[in-house]
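Please keep the sequence and the 3D view open while reading this note. The points below go through the model one topic at a time.

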Amino acid sequence: MDSIIHDLQWRYAVKKFDGEKLLPPKKIELLKEAFNLTATSYGLQPISLVIVQDKALQQKLVAHSFGQQQVAQASHLLIFCIRTDVDSDYITRYFDKVGEIRGTQEEVLAPFKNELIHNFQEKKAEDINRWAINQAYLAMGNLLTVCAIEKIDACPMEGIQPNAYDHVLGLSGKNLQSVLAMPIGHRALDDMFADFKKVRKPMEESIIEFKDLTP
């Protein structure tokens, strides 16, 4: 446990990356696996991860990231996207996959599948998008922890212009909508933020515990 806390203490939102250092492919593969294993509501995975390792393209996206240079400096840029095609067919394909992988019979899956389809048909598109966005945040949180453990520097970003990202990357044609970005790589040696102490509330202010003290 002490090791994990040490890793989380080591992590910070990098303000300047070493643009000359690239992450090895095995680290990227690990992050891809970790993303795919992220817990999502109903297991539907209404999210996708776009990985950019193209300096010209990264530089172009700086203008749509409120000038944050980490986007261009980073070894890779991760973009967390939601799917815009979560409908009856999407849900049906998920349950088909459940049956294929687990061998669960259709008659067992059908009640839950039909209830889920009905539930989503009753939702407004903006409600489905909001639900999917929550899953993107779950995925980013998961990868931030993995990055800390693997000593991969990262900077989580809400400060992007999603519509511009979608246009530059052609995401709309893939039924995707960008939500969050996370440059990853190696911190620059002269990033002064690396040595800043973390500022957090005392745990007694941020954590509430209910304990059964019955002897």
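How many residues apart in helix 7 are Asp127 and Arg130? They are three residues apart, so about one helical turn separates them. This is a predicted model, and the points that follow should be read that way.

1. **The Asp127 pair.** Asp127 and Arg130 form a salt bridge. Their closest N and O atoms are 2.9 Å apart. Asp127 is partly exposed, with a relative accessible area of 31%.

2. **Other salt bridges.** The structure holds nine salt bridges. One of them joins the side chains of Lys32 and Glu29, at 2.8 Å from N to O. Both residues lie in helix 2, three residues apart, or about one turn of the helix. Both ends are partly exposed: Lys32 has a relative accessible area of 36%, and Glu29 has 42%.

3. **A pair with a buried lysine.** The side chains of Lys113 and Glu106 also meet in a salt bridge, at 3.0 Å from N to O. Is Lys113 buried or exposed? Lys113 counts as buried, because its relative accessibility is 11% and the cut-off for buried is under 20%. Glu106 is partly exposed, with a relative accessible area of 40%. As a general point, side chains of opposite charge can pair when their charged atoms come close.

4. **The largest core.** The largest nonpolar core has 36 residues. Those with the most contacts inside it include Leu31, Leu78, Phe80 and Phe120. Leu143, Met182 and Ile184 are also on that list. Several elements give two or more residues to this core, among them helix 2 (25-36), helix 5 (88-102), helix 6 (106-121) and helix 7 (125-149). Helix 7 gives the most, with 10 residues.

5. Look at Met182 in the 3D view. Leaving aside neighbours within four places in sequence, Met182 is in contact with His76, Leu77, Leu78 and Phe80, among others. Its contacts also include Met140, Leu143, Leu144 and Cys147. Ala154, Cys155 and Pro156 are on the list as well.

6. In what order do the four strands form the open sheet? The order is 1-2-4-3, and the pairing is antiparallel. The edge strands are strand 1 and strand 3 (153-154), each pairing on one side only. Strand 1 pairs with strand 2 over six bridges. Ile47 stands opposite Ile82 in strand 2. Val52 has Leu77 of strand 2 as its bridge partner. Although strand 1 is an edge strand, it is mostly covered, with five of its six residues buried.

7. **Helix 7 across the sheet.** Helix 7 lies across strand 1, strand 2, strand 3 and strand 4. Helix 7 runs at about 10° to strand 4.

8. **Helix 1 against helix 7.** The axes of helix 1 (residues 2-10) and helix 7 come within 8 Å and cross at roughly 100°. The two helices are therefore roughly perpendicular to each other. Asp7, Leu8 and Trp10 in helix 1 meet Cys147, Ala148 and Ile149 in helix 7. Cys147 is also one of the contacts of Met182.

9. **Helix 8.** Which residues of helix 8 (residues 162-169) are buried? They are Ala164, Tyr165, Asp166 and Leu169. What covers them includes strand 1, helix 3 (55-62), helix 4 (70-73), strand 2 and strand 4. Gly170 follows helix 8, and its phi is positive, near 65°.

10. **Two positive phi values to check.** Lys151 is not a glycine, yet its phi is positive, about 55°. Lys151 sits in the loop between helix 7 and strand 3. At 34% relative accessibility, Lys151 counts as partly exposed. Asn175 is not a glycine either, and its phi is positive, about 60°. Asn175 lies in the loop between helix 8 and strand 4. Asn175 is partly exposed, with a relative accessible area of 33%.

Key: Residues are numbered from 1 along each chain as its sequence is written. This is a predicted model: local features need pLDDT of at least 70, side-chain atom pairs count only at pLDDT 80 or more; totals for chains, interfaces and linings use all residues. Side-chain values use heavy atoms; hydrogens and water are left out. A nonpolar core is a set of buried Ala, Val, Leu, Ile, Met, Phe, Trp, Tyr and Cys residues joined through side-chain atoms within 4.5 Å. Buried means under 20% relative accessible area, exposed over 50%, partly exposed in between (1.4 Å probe, protein chains only). Contact means heavy atoms within 4.5 Å. Two strands pair if DSSP finds at least two bridges between them. Axes are lines fitted to C-alpha atoms, for helices over the stretch in contact, and angles run from 0 to 180 degrees between N-to-C directions. A salt bridge is a side-chain nitrogen of Lys or Arg within 4 Å of a carboxyl oxygen of Asp or Glu. Angles under 35 degrees count as roughly parallel, over 145 as roughly antiparallel, 65 to 115 as roughly perpendicular and the rest as oblique.
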